[in-house]
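Please examine the sequence and the model shown below.

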Amino acid sequence: MRKREKITSLFLAGMLPVSVLLTGCGGGQENSGKIEIELVQYKPEAVSVFKQLEEEFNSTHDNIHLKIDSPNDATTIMKTRFIREDYPDILGIGGDINFSYFIDAGILADLTDYPGMETINPGYRDILEGLEFVPTDGIFGVPYVANAAGILYNREMFKEHGWEIPTTWEEMTALCETIRSEGILPFYFGFKDTWTCLAPWNSLAVDLAPADICQQVNAGNANFTEAYREVAEKIKALVEYGEDGPFAYGYNDACTAFANGESAMFAIGSYAVPQIQSVNPDMDIDSFVTPGSSDPNGNTLNSGVDLQFCVTNACMDEGKKEAAYEVLDFLLADENVQKYLDDQKAVPCKTGDFTLASNLDGMLEYIKSGKMADYQDHYYPSEMAVDAQIQTYLIEGDLDAFLNKFDSDWARYNRDIIRMVEEYNKQSGNQ
């Protein structure tokens, strides 16, 4: 098992309240003679579909009992349990910086020999591999579903007005001018909730900044002041086409406004569609990749692993590998992947003939070809509060101050990781 105490401390010693440490949930065993597999997953909005999958698995397997927990704030609960060395068998987590921490702490088992990996879209396997602080031998997560971020648009409104989908930044701004000239609001943003600022930021960054910019900065080969300048300039320009006072309205306000036809577009991910259609079930929504560059061939789908399954080393040490793999096989069965897609309007990470929600029609070619890049914020430490930094920049408009703070904060909050990268590069002869 691979351990690095300095990185472990980054996420496990996150100053969790004593009350939390004392009240973590336990993974008990039933006296049924069956192998108990506990899966803890972090998406509370998917409780119903996971409950259905749990019931179906247990009704069709005599030798294994599957328990799926979907607690609120699951990531905090997982970290709490890790401190007490109380590990679930399988983790259902996102493809973000926490995954990187878990790898480096030696919590996750190597799944290289899991046969189901061969069915996974290589693009999503690469995205997970790119999250590693330093290259690590092994495969530590099975990508399950992804989401896609870009521009949601009112398909009926576009057809009615004859508006065409833009493929360059210049076409994007021209479209906004046309929409506005016809008395319609181009965008609703809802930037009161700071996290919504990350949606257009990420989808512009995949076109305008290197996909590995965070790794480059950690290695001392680049800086954000240069890499993010155009991203910052263009998100500021985009906001000019949104609602008056976008910082006074939140995510729910934006979903409701878009659902009610108050804007033609919404710069957000596919994950917002269920919320929008809860307001207007009959709304015809499609999406397109944010055209950040002046070259149509430079467009890239902003897509990341929204949910993956990881097996813990503790599960392997207890001799439950075959049972864990059987659970993974069940979850990856085409019919069960489709159930999740139908429920959550998600993108499958598994290759196959799946029916995707119609709101993804405009992104299908990118999904199928694998022309995609991960969300930049999946590499950002939470302590930096990048979403709040972007919001402040959009309000105050001081570009240089924003970029300079980004670089200085990155060095501050990533110093241990940067040191680890330096050590790795020295040992491997990359310096």
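The largest pocket holds about 1400 Å³ of space. A pocket here is an open set of points on a 1 Å grid over the protein atoms alone, with protein on both sides within 12 Å along at least five of seven lines, whereas a cavity is a set of points where a 1.4 Å probe fits but cannot get out; lining residues have an atom within 4 Å of a point. Grid points are joined across faces, edges and corners, and a volume is the space filled by probe spheres set on the points. This is a predicted model, in which local features need pLDDT of at least 70 and side-chain atom pairs count only at pLDDT 80 or more, while totals for chains, interfaces and linings use all residues. Residues are numbered from 1 along each chain as its sequence is written, and side-chain values use heavy atoms, with hydrogens and water left out.

Of the 49 residues that line the largest pocket, Tyr42, Asp96, Asp306, Asp377 and His378 are the closest to its centre. Helix α5 gives the most to this lining, with five residues. Helices (H or I, at least four residues) and strands (E, at least two) are DSSP runs, numbered from the N terminus. By class, the lining of the largest pocket has 25 nonpolar, 14 polar and 10 charged residues; Ala, Val, Leu, Ile, Met, Phe, Trp, Tyr, Cys and Pro count as nonpolar, Asp, Glu, Lys and Arg as charged, and the others, Gly among them, as polar.

The second largest pocket has a volume of about 240 Å³. Its lining includes Asn121, Pro122, Tyr124 and Pro348. Both α6 (122–130) and α18 (364–369) supply at least two residues of this lining, and α18 gives the most, with three. The residues divide into seven nonpolar, three polar and two charged.

The structure holds two cavities of 30 Å³ or more. In the largest cavity lies about 110 Å³ of space. Among the 14 residues lining the largest cavity, those closest to its centre are Leu131, Phe133, Cys214, Asn218 and Tyr379. Helices α5 (97–104) and α10 (213–218) each supply at least two lining residues, and the largest share, three residues, comes from α10. The second largest cavity has a volume of about 30 Å³, and its lining consists of Ser100, Ile103, Asp104, Glu132, Phe133, Val134 and Thr136.

Where does strand β4 (residues 142–149) stand in terms of burial? It is mostly covered, with eight of its eight residues buried; buried means under 20% relative accessible area, exposed over 50% and partly exposed in between, using a 1.4 Å probe and protein chains only. Strand β4 pairs with β9 (residues 301–311) in the antiparallel sense over seven bridges, and Pro143 has Gln308 of β9 as its bridge partner. Two strands pair if DSSP finds at least two bridges between them. Two bridges also join β4 to β10 (residues 347–348), again running antiparallel, with Val145 opposite Pro348.

Helix α21 (residues 415–428) has 14 residues; at 1.5 Å a residue it should span 20 Å, and its end C-alpha atoms are 20 Å apart, which agrees. The expected span is 1.5 Å times one less than the number of residues. The buried residues of α21 are Asp416, Ile417, Ile418, Met420, Val421 and Asn425.

The charged pairs remain. Side chains of opposite charge can pair when their charged atoms come close. The structure holds 20 salt bridges, each a side-chain nitrogen of Lys or Arg within 4 Å of a carboxyl oxygen of Asp or Glu. In the pair of Asp284 and Arg155, the closest N and O atoms are 2.9 Å apart. Asp284 lies in the loop between α14 (273–279) and β8 (285–288) and Arg155 in helix α7 (residues 155–161), so the pair ties together parts that are 129 residues apart in sequence. Asp284 is partly exposed at 27% relative accessibility, whereas Arg155 is buried at 13%.

Arg229 forms a salt bridge with Asp400, the closest N and O atoms being 3.0 Å apart. This pair links distant parts of the chain, with Arg229 in helix α12 (residues 229–239) and Asp400 in helix α20 (residues 399–413), 171 residues apart. Arg229 counts as partly exposed at 28% relative accessibility, as does Asp400 at 42%. Elsewhere, salt bridges that share partners join Glu38, Arg81, Arg84 and Asp86 into one network.
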